[in-house]
Amino acid sequence: MIYIFCWFLQIHWPFRLKEGASRPPNRGDVLEFDMEGVWREMESLVKENLVRDTGVSNYTVKKLNKLIGFAQIMHSVCQVEMHPGWQNDKLLQACQQNDIHVTAYSPLGSSEGGRGLIHDQTVERVADKLNKSPATVLVKWALQRGTSVIPKSTHQNQIKQNIQVFDWEIPQADFQKRVLDGEELFVNKTEGPFRIMADLWDHDD
Ligand SMILES: NC(=O)c1ccc[n+]([C@@H]2O[C@H](COP(=O)([O-])OP(=O)(O)OC[C@H]3O[C@@H](n4cnc5c(N)ncnc54)[C@H](OP(=O)(O)O)[C@@H]3O)[C@@H](O)[C@H]2O)c1
């Protein structure tokens, strides 16, 4: 018998495909899956020391709670789409509360479906201000939320650029931008009572 040890085993999508389904699958090829049955099998691999850690991907809070309800061995990672255009806050919070690490995929907004965030005006504005590239701002945005992040590039120079994220921070004021910040209407630098934005909104950045 041959044993293969695997460090990490992850459920890629919470459904199964008909046998012989093409990739990408046709709609009719997608079927519900037995989440508990699959999880029990994954747990048995961990118990037999054939797998070190388990994870899920493309889960929602509802599916996460269902899994938590029956899991004997909790998964360590949840990999989901996460970027400023799809912040997935509730899932991030649920994972943090349950000690599950989150990996943000498509952090640059991907190239699929025209969602690329590299040319988003707000991202470009923050990048210009910090003298960084839009891609590194997006990678840093993910890291500052406590997730790991997996940007993809087929270009060596961009791969190198995308890891230049460890000796600087996105200031809190640029991290998220409200639609109505009230600066022009209510902030009066000389006479107050709100001399800076922090006075107006009771924060200190
Ligand atoms: N678990 C899942 O179901 C799932 C689903 C989707 C993706 N993922 C994983 O997530 C990772 C990344 O996702 P993704 O490829 O969808 O999206 P992404 O990393 O958000 O975006 C990739 C796109 O950004 C471009 N890019 C990368 N660095 C750049 C830079 N510095 N400047 C300008 N453009 C840049 C790439 O172009 P170039 O190649 O031309 O550089 C590519 O078009 C992959 O490893 C993927 O396997 C997982």
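The face of helix H4 that points away from its buried side holds Gln121, Asp128 and Lys129, all exposed (over 50% relative accessible area, with buried meaning under 20%, using a 1.4 Å probe and protein chains only). Helices here are DSSP runs of H or I with at least four residues, numbered from the N terminus. This is a predicted model, where local features need pLDDT of at least 70, side-chain atom pairs count only at pLDDT 80 or more, and totals for chains, interfaces and linings use all residues. Residues are numbered from 1 along each chain as its sequence is written, and side-chain values rest on heavy atoms, with hydrogens and water left out.

On the buried side, H4 (residues 121-130) has Val123, Val126, Ala127 and Leu130. These cover an arc of only 100 degrees around the axis, so they end up on the same side of H4; the arc is taken over directions from the helix axis to the C-beta atoms. Their packing partners are helix H5 (134-144) and helix H7 (172-175), with contact meaning heavy atoms within 4.5 Å. At the start of H4, a side-chain oxygen of aspartate 120 comes to within 2.9 Å of the backbone nitrogen of threonine 122. Just after H4, asparagine 131 adopts a positive phi of about 60 degrees.

As for the ligand, a polar side-chain atom of asparagine 58 sits 2.8 Å from one of its oxygen atoms. A side-chain N or O atom of serine 106 is 2.8 Å from a ligand oxygen, while glutamine 161 places a side-chain N or O atom 2.8 Å from a ligand nitrogen. The protein covers 76% of the 910 Å² of accessible area that the ligand has on its own (Shrake-Rupley method, 1.4 Å probe).

Methods
Helices (H or I, at least four residues) and strands (E, at least two) are DSSP runs, numbered from the N terminus. A polar contact is a pair of N or O atoms within 3.5 Å; within protein, one must be able to donate a hydrogen and the other to accept it, and residues adjacent in sequence count only if both atoms are side-chain atoms.
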